Amino acid sequence: MSFMNHHTASHEGIKTVGVDNLCDFSSNSDLCICIVTWNMNGQVSYEDIAELVGSSRKFDLFIVGLQEAPRNNILRLLQIALVETHILLGKATMQSLQLYVFGPKDSDLFIKELQVDKHSIGGLGGLIGRKKGAVAIRINYKDIQMVFISCHLSAHAHKVDERNYECMHISHSLFSKNWNPYARPTHVTIWLGDLNYRIHGIDTQPARNLIQKDLHEKLTSKDQLLQEAERGHIFNGYCEGTLTFKPTYKYNSGSSNYDTSYKVRVPSWTDRVLFKIEDTEKIKATLHSYQSMDDILSSDHKPVKAHLCLKLNKLSSPMHQQEHRFLSP
């Protein structure tokens with residue numbers, strides 16, 4: 001199965017969607033999902049994990065994708081932080097690349113299927129304990145078939161073609177070993193992680209000047225991810241919230257100051273959450289927040305959190321009676 005579209009003459013690119021800040025959580029939605037991605041840079045504290053989880057637990061599913069996670073027992077810290085409201089439903093790990101799905105304490109009753117898979121990239125990946133590639137969880141929850149993919153792609157601004165290839169290769173490889181022609185269709189696909197696409201075509205100081213003046217939205221035209229999607233290379237038909245928050249990389253660890261090393265990297269939105277609804281007539285998705293968590297200082301990345309709610313169209317035929325089986329190739 002493929003979670004992306006091939007390059008075609010006509011393409012949508014990534015659709016930028018606004019944020020509806022008003023959310024009554026599950027009272028008017030069938031499923032509310034809180035999604036967090038964070039490159040931890042090998043550092044962790046329980047205080048950071050508690051901040052990551054937050055105090056509001058009105059969401060149904062809590063999805064955590066981590067990159068460069070340390071050897072500490074991150075899962076145990078997450079379970080401690082969520083113990084009053086949520087339990088672990090599934091996990092997919094590959095060294096420092098980790099993905100966890102949590103749900104309310106009775107939510108295991110709503111799971112009809114759960115599969116995990118992983119795909120590594122790069123011949124030397126993982127030699128220093130920081131694996132690149134992707135881990136994924138496919139879950140049927142309340143009759144909604146979802147795939148969550150947490151990835152860490154190749155770094156450096158000039159490796160944009162490598163990242164494009166990795167996205168496509170990961171998409172085609174995940175769950176291919178246990179492909180089932182009679183499987184239920186994937187209704188929702190969510191990619192999260194350190195995609196490592198950079199702001200390119202502007203020097204670091206002009207970029208920082210715009211950020212300092214709260215004019216960082218002007219930098220979106222320089223964002224490689226949006227550019228490559230617009231060209232039809234990747235993420236065709238996916239959605240992403242407006243990038244109203246500051247670029248999430250690279251900071252001096254322990255601060256909210258951008259990189260002052262000799263490399264003085266151009267700040268970039270490396271950390272992203274994207275989603276695709278396969279049939280928008282059957283499922284309506286509303287994005288209620290898309291933001292960085294600037295108060296977490298331990299890493300050189302800021303975590304990114306999204307809040308997505310799904311509403312099923314009750315007038316449509318049941319989800320499992322859909323004729324199509326897979327995402328568009």
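Biologist: How do you know that the sulfur of Cys167 is too far from the closest cysteine sulfur for a bond?

Modeller: A disulfide is a pair of cysteine sulfur atoms within 2.5 Å. The closest cysteine sulfur to that of Cys167 is in Cys151, 6.0 Å away, so the two are too far apart for a bond. This is a predicted model, in which local features need pLDDT of at least 70 and side-chain atom pairs count only at pLDDT 80 or more, while totals for chains, interfaces and linings use all residues. Residues are numbered from 1 along each chain as its sequence is written, and side-chain values use heavy atoms, with hydrogens and water left out.

Biologist: Why does Cys167 count as buried?

Modeller: Buried means under 20% relative accessible area, exposed over 50%, and partly exposed in between (1.4 Å probe, protein chains only). Cys167 is at 0%, so it counts as buried. Cys151 is also at 0% and therefore buried.

Biologist: What makes Cys32 and Cys309 a disulfide?

Modeller: Their S to S distance is 2.2 Å, and the limit is 2.5 Å, so the pair qualifies. By this rule the count comes to 1 disulfide. A disulfide is a covalent bond between the sulfur atoms of two cysteines.

Biologist: Which parts does the pair tie together?

Modeller: Cys32 lies in strand β2 (residues 31-39) and Cys309 in strand β13 (residues 304-312), so the pair joins parts that are 277 residues apart in sequence. Strands here are DSSP runs of E with at least two residues, helices are runs of H or I with at least four, and both are numbered from the N terminus.

Biologist: Why is this disulfide called right-handed?

Modeller: The torsion about the S-S bond of Cys32 and Cys309 is about 105 degrees, so the disulfide is right-handed.

Biologist: Are Cys32 and Cys309 buried or exposed?

Modeller: Cys32 has a relative accessible area of 0%, so it is buried. Cys309 is at 2% and therefore counts as buried.

Biologist: What makes β4 and β12 edge strands?

Modeller: Two strands pair if DSSP finds at least two bridges between them. An open sheet of 6 strands runs in the order β4-β5-β3-β2-β13-β12, with mixed pairing. Strands β4 (86-94) and β12 (283-292) each pair on one side only, and these are its edge strands.

Biologist: How do you know that β3 and β5 pair?

Modeller: Strand β3 (residues 61-67) and strand β5 (residues 97-104) share 5 bridges in the antiparallel sense. The rule asks for at least two, so they pair. Leu66 has Gln98 in β5 as its bridge partner.
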